Amino acid sequence: MSFWEYLASNYLEVIGYTFEHAVLVLQGLALAVLVGVPLAVLTYRTGLGRAAAVNSASLIMTIPSYALFGLLIPLLGLGTAPAIVALTLYGLLPVVRNAIVGLREVDPAVTESARGVGMDRRRLLLSIELPLAWPVVLAGVRVSAQLLLGIAAISAAVNGPGLGNLILSGLSSAGTPFAVYLALEGILGIIVLAVVFDAAIALLTRLTTTRGARA
Amino acid sequence: MPENGRTDTGPTAEPMIRLEQLTKRYPGQDRPAVDRLDLDVPPGEIVVLLGPSGCGKTTTMKLINRLIEPTSGTILLDGEDVTRADPDALRRRIGYAIQQTGLFPHRSVADNVATVPRMLGWDRKRVAGRVDELLTLVGLDPDTYRGRLPRQLSGGQQQRVGVARALGADPEVMLMDEPFGAIDPLTRETLQNEFLRIQSELGKTIVFVTHDIDEAVKMGDRIAIFNAGSGIEQYDTPERILTEPATPFVSEFVGSGAAIKRLTLSRVGDVPVPDWPSIGQDTHRDERAAAVRAGAREFLPLLDADRRPLGWVPADASGDVLDRGLPIVTRIGPGDSLFAALDAMLAANSSAVVVVDDAGAYRGVLDLETILSTVHTDAGPAVPRPGTVATPGTV
Amino acid sequence: MAVVSEQGAAPAAGGTPGPGTKGPRARWATHLVRPAIVVVALVVLYLYVSSRQLDSIERRSLNAAYILSRTWQHVQLTAIVSVIILLVAVPLGVLLTRDGVSRFSGPVLTLANISQAIPSIGLIVLFAVAFLSLPVYAIAVLAFVIHGVLPIVRNTIAGIGQVDRSVIEAARGMGMTKLGVLVSVELPLAVPVILAGVRTTLTITTGTVALATFIGAGGLGDIISNGLASNRNIVLVTGSVLVAALALLIDWLAAIAEDNLAPRGV
């Protein structure tokens, strides 16, 4: 039985896990943006704030994923919940770092003249700073996405969803002819998702960036 | 009047902007950035804040719309104390244009110009009309430029849009920080002239920051010269700054070209034109020859029946020259500057130029000696007096 | 696994120092934060574990001999994998920037980007089930080296690529040979980037080695796995804290090395 014949026999299962994997990563990414961008907005103005935000996020990044899952299980139990929280935490660093860079790259002359014509802080942030920083934020999201797609494979080890389950099935059927196929299906599924996510975020960047803010 | 922005030459009208004892002190610095500054800006005038870099002129300007909050002192806008007013509302009443333009790069030209009108809640139609009006005013065709992005414009066009945005909701007061600074000299000159034209129509009250004395003299109705310690050395009209520098600092800052700069400010109409006889066209050839030879002047202008100058008649004229005179290259009107008159003399290789009134009728002849003595009496020893004056002629 | 290489993360920064860059004093303060966190975490963990009555299953994982052996395995495996990665990746990266070979650098970089998406757990499992005859230890080394090489190749290429062309031209203009330029100009100037690559390698590898437990190759991941399998949170947490502490410690040492080994003026 070749790999393709095997895939034809269990493709529904593969599609199911791929879908789970994608949804898991999407949730982590969305939460990372929802937490990371406000965090950047709150901290980017002061050197101390920036250092605190970026150093905390990179501290999390230093913790190996298997250990972080292990630390979250006593708090959140097994399954999807620790996976989403872990992915959110790992997704933070690129988002926070890029959001800070993006906000700081806004030309001071632009913000000064926005204030000079009487824009208040909120309007300045929403209509000038964030739109200008948005492409940089999305570049961070793109990096996060690639990272999270890989890390999400480990969530299967804590009974979480996603393509990691195919890889671990391969491991548990070691010695059978299908073991390699299962592991390959898991890996290829993640690579396909990586390509799709990358293209989707590139498209999103085009669609949500105003012409003038595009680099 | 060093250290004092009140001026006795000012109009009696209430100032549009009045700064009283305005001070900005940054924590950790022993010297205040702006120290107990008093300044009155009369309505409808361009007041230039001039000084070396780091002299606090930009800080002073930003204190007016409170981009920098004053530590103490009072800002009065049209008689109203705005020192504690809502800064955002205040800034919407004050136009703001800066050297780096600060155009919003992600928004079209039209959206940039519409910023303040939209914040003030104007309806869409009124905003669109205002945008087109302003673009036309600054010399940009609305149909061509409305939809463009800032980076699709040249530097000069960006500055125009910056000025249009500052004029957005027709503010009475405008603050401009070297708005024509970052562009090439030719474009700058064009923009300065256009802006003066716009200002003559709109009559805004403008605070204009520059470090360029020539720009200050050209643009300003009044100039405040700041010293390095952010005090005002002199606050006066450009003429008086050039002719009567109040302090050594001012004369040094104004520089060695003061006399020449002054020539651009004095009008021919303000200078006494020396008595210079003329010859009527109805006179006979012999009478003309006699008149020229009898007079103290070596050339006399020949006038037609409406007293318009036709030509020069030199002392040694004969034949056709006595009939028509030598051609006159340039005529100077009362509104022209002495600089223009001098320029015309140099161009014609002559030491005198014919002055006519607005209708073209003969007013007299302005000679080099008169210009030199004007400069001499007003500006002291700035221009050395030459021993002899060349004769007019050799056209 | 859970470390992002510097290149991809802040493309807008374009090689300029990131927002977290600070002066030397702040840098030392940061250097003190990590060991402090590690020490506090380990002390709290020790007090917590020693205050508890451990059952026999828990005692099997939570004894000094077991923990020390797994830690030693972990450190050993991390060191071997890291050294091999650096021995392969840095010369390969340098080679790919030489004239005549540099045309291959494009495809290699593309491959490096794609390979980033391959999960390390997938690679180690695939190798384990594909090469059943090989010892698990060899499989772990092979999988982790393959997983870690390309990012460092990319780092090295980027490091040498960012050396100012005019400096190289000046060196060549003075009559330096190509090898001379590489040894005395390009490599010294690329040292900071290469050191950053070393740090990344060490940190990533410490993390991926925690996954060696899945194929029975040992390491501190064993304690996490024991905790999961036996449903004993105290074991799970101990394993997780130990892995995290080791990773933070190694990253801390690498950061100090990075700061102090870079040549002056770079």
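Me: Is strand β6 (residues 94-98) of chain B enclosed or open, and why?
Reply: Five of the five residues of β6(B) are buried, so the strand is largely enclosed by the rest of the structure. Buried means under 20% relative accessible area, exposed over 50%, and partly exposed in between (1.4 Å probe, protein chains only). Strands (E, at least two residues) and helices (H or I, at least four) are DSSP runs, numbered from the N terminus.

Me: What should I know about the model and numbering?
Reply: This is a predicted model, where local features need pLDDT of at least 70 and side-chain atom pairs count only at pLDDT 80 or more, while totals for chains, interfaces and linings use all residues. Residues are numbered from 1 along each chain as its sequence is written, chains are lettered from A and ligands numbered from 1 in the order in which they are written, and side-chain values use heavy atoms, with hydrogens and water left out.

Me: Back to β6(B): which residues sit on each face?
Reply: Ile94(B), Tyr96(B) and Ile98(B) are on one side, with Gly95(B) and Ala97(B) on the other, and all are buried.

Me: How many bridges join it to β7 of chain B?
Reply: Five bridges join β6(B) to β7(B) (residues 173-177), and the two run parallel. Strands pair if DSSP finds at least two bridges between them. Tyr96(B) stands opposite Leu175(B) of β7(B).

Me: What about the open sheet in chain B, which order?
Reply: The order is β2-β1-β4-β5 (chain B), four strands with antiparallel pairing. Its edge strands are β2 (34-41) and β5 (80-81) of chain B, each pairing on one side only.

Me: How many bridges between β1 and β2 of chain B?
Reply: Five, joining β1(B) (residues 17-24) to β2(B) in antiparallel fashion. Arg18(B) has Asp40(B) in β2(B) as its bridge partner.

Me: Where are the domain bounds in chain B?
Reply: Domain 1 is 17-256 and domain 2 is 269-382; the bounds come from an automatic or database domain assignment. Their centres, taken over C-alpha atoms, are separated by 43 Å.

Me: Switching to chain A, is helix α7 enclosed or open, and why?
Reply: Seven of the nine residues of α7(A) (residues 164-172) are buried, so the helix is largely enclosed by the rest of the structure. Among them are Leu166(A), Ile167(A) and Leu171(A).

Me: What do they pack against?
Reply: The buried residues of α7(A) pack against α1 (3-43) and α8 (179-208) of chain A, together with α6 (120-130) of chain C. Contact means heavy atoms within 4.5 Å.

Me: And Val83(C), which helix?
Reply: Val83(C) lies in α4 (residues 64-95) of chain C. Val83(C) is partly exposed, at a relative accessible area of 47%.
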